[in-house]
Amino acid sequence: MTTPPLKRRLLAEFLGTSALLTAVVGVSAMAATLSPHDAGLRLLENSSTVALALAAVIVALGPVSGAHFNPVVSAADWFLGRRTGTGLTTAELAGYIAAQLAGAAAGTVLGNLMTGRPAVTIAGTARTGGHLLLSEVVATAGLLVLIAALVRTGRGAAGPAAVGAYIGAACWFTSSSCFANPAVTLGRMLTGTESGIAPASVPAFLLAQVAGLAVACLLIPALYPQPGAVATTASADAVVSAPAPARSAPAADRPGPGRACAPGQPIRGRVMRYATSRNDASARVTR
């Protein structure tokens with residue numbers, strides 16, 4: 001499996017993060033117009049749209065960059081892969097984060113313009129309180145553990161749906177409405193829609209998300225010590241399904257829902273990446 005050139009991966013990260021913010025800002029503006037007096041309906045409109053958009057973007061761009069679209073996902077990939085050399089390098093991590101931040105800003109501007117608003121409006125929505133910060137810690141840690149669970153148990157094909165569903169649900173069960181993404185948090189400073197966050201509230205949200213990253217980096221090795229320990233392979237990296245060989249294999253050797261790969265055909269992926277298809281060994285995806 002050939003890793004795409006870094007320039008292609010950074011372009012995918014820029015476009016994916018931009019698309020995510022365009023969806024967040026656009027649906028927030030539309031929901032406020034369509035359902036101005038029903039906060040619950042607006043939340044339903046926002047959560048469902050973002051969940052579906054995220055799943056679609058993961059499917060589209062995951063095979064190129066791994067579909068991080070989130071600095072804490074990239075940081076987890078780098079940190080958890082240091083021992084085995086399977087994660088992002090330090091230089092790649094810096095590039096990914098820069099692309100994500102630029103994409104978040106561009107996507108917010110595009111979302112503003114598409115809904116007839118000024119390109120940039122500094123948000124005035126204050127988001128303060130310990131309950132909001134605790135929500136961000138939980139939402140961020142939960143997201144990272146979910147991705148690691150998918151990768152390290154060979155269930156990467158479920159990634160787009162599972163991650164989209166988690167984000168959609170977390171919009172409801174967290175009081176912060178689940179930012180769980182430093183790039184998204186910074187981007188949402190630039191919109192006057194209901195999805196915005198006042199600059200004064202941003203530092204605490206970023207710290208809470210970093211705390212969630214730290215929690216996840218403790219939980220993931222405890223729950224899934226090595227990918228091979230769960231995925232029935234000695235590989236220290238994530239192993240995803242490979243195409244079956246042309247010859248017919250005995251039933252006991254055929255890959256199934258509980259098997260990480262076809263015998264003798266391990267496909268090594270990065271720590272926080274999962275495959276979009278059990279029949280596409282080249283698809284390496286994360287959120």
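This is a predicted model: local features need pLDDT of at least 70, side-chain atom pairs count only at pLDDT 80 or more; totals for chains, interfaces and linings use all residues.

Biologist: Which residues have the most contacts inside the largest nonpolar core?

Modeller: A nonpolar core is a set of buried Ala, Val, Leu, Ile, Met, Phe, Trp, Tyr and Cys residues joined through side-chain atoms within 4.5 Å. Buried means under 20% relative accessible area, exposed over 50%, and partly exposed in between, with a 1.4 Å probe and protein chains only. The largest such core has 40 residues, and those with the most contacts inside it are Leu144, Val163, Ile167 and Leu213.

Biologist: Which element gives the largest share of this core?

Modeller: Helices here are DSSP runs of H or I with at least four residues, numbered from the N terminus. Among the elements that give two or more residues to this core are H1 (6-34), H5 (130-152) and H8 (202-223). The largest share, nine residues, comes from H5.

Biologist: How many disulfides does the structure hold?

Modeller: A disulfide is a pair of cysteine sulfur atoms within 2.5 Å. For Cys178, the nearest cysteine sulfur is that of Cys171, 5.4 Å away, and Cys178 is in no disulfide. Cys178 is also buried, with a relative accessible area of 6%. The number of disulfides in the structure is zero.

Biologist: Is the pair of Trp78 and Phe79 stacked, edge-to-face or tilted, and what is the angle between the planes?

Modeller: Rings of Phe, Tyr and Trp (its six-membered ring) pair if their centres lie within 6.5 Å; planes under 30 degrees apart count as stacked, over 60 as edge-to-face and the rest as tilted. Trp78 is partly exposed at 26% relative accessible area, and Phe79 is partly exposed at 34%. Their ring centres are 6.5 Å apart, and the pair is tilted because the planes are at 55°.

Biologist: What angle lies between the planes of Tyr166 and Phe173?

Modeller: Tyr166 is buried at 16% relative accessible area, whereas Phe173 is partly exposed at 48%. The two form an edge-to-face pair, 6.2 Å centre to centre, and the angle between the planes is 70°.

Biologist: Over the face of which residue does Arg188 lie?

Modeller: A charge sits over a ring if NZ of Lys or CZ of Arg is within 6 Å of the ring centre and within 35 degrees of the ring normal. The charged end of Arg82 sits over the ring of Trp78, 5.7 Å from its centre. Arg188 lies 3.7 Å from the ring centre, over the face of Phe179.

Biologist: How far apart in space are Arg152 and Pro225?

Modeller: Arg152 is found in helix H5 and counts as buried at 6% relative accessibility. In sequence, Arg152 and Pro225 are 73 residues apart. In space, C-alpha to C-alpha, the distance between Arg152 and Pro225 is 9.2 Å.

Notes:
Residues are numbered from 1 along each chain as its sequence is written. Side-chain values use heavy atoms; hydrogens and water are left out.
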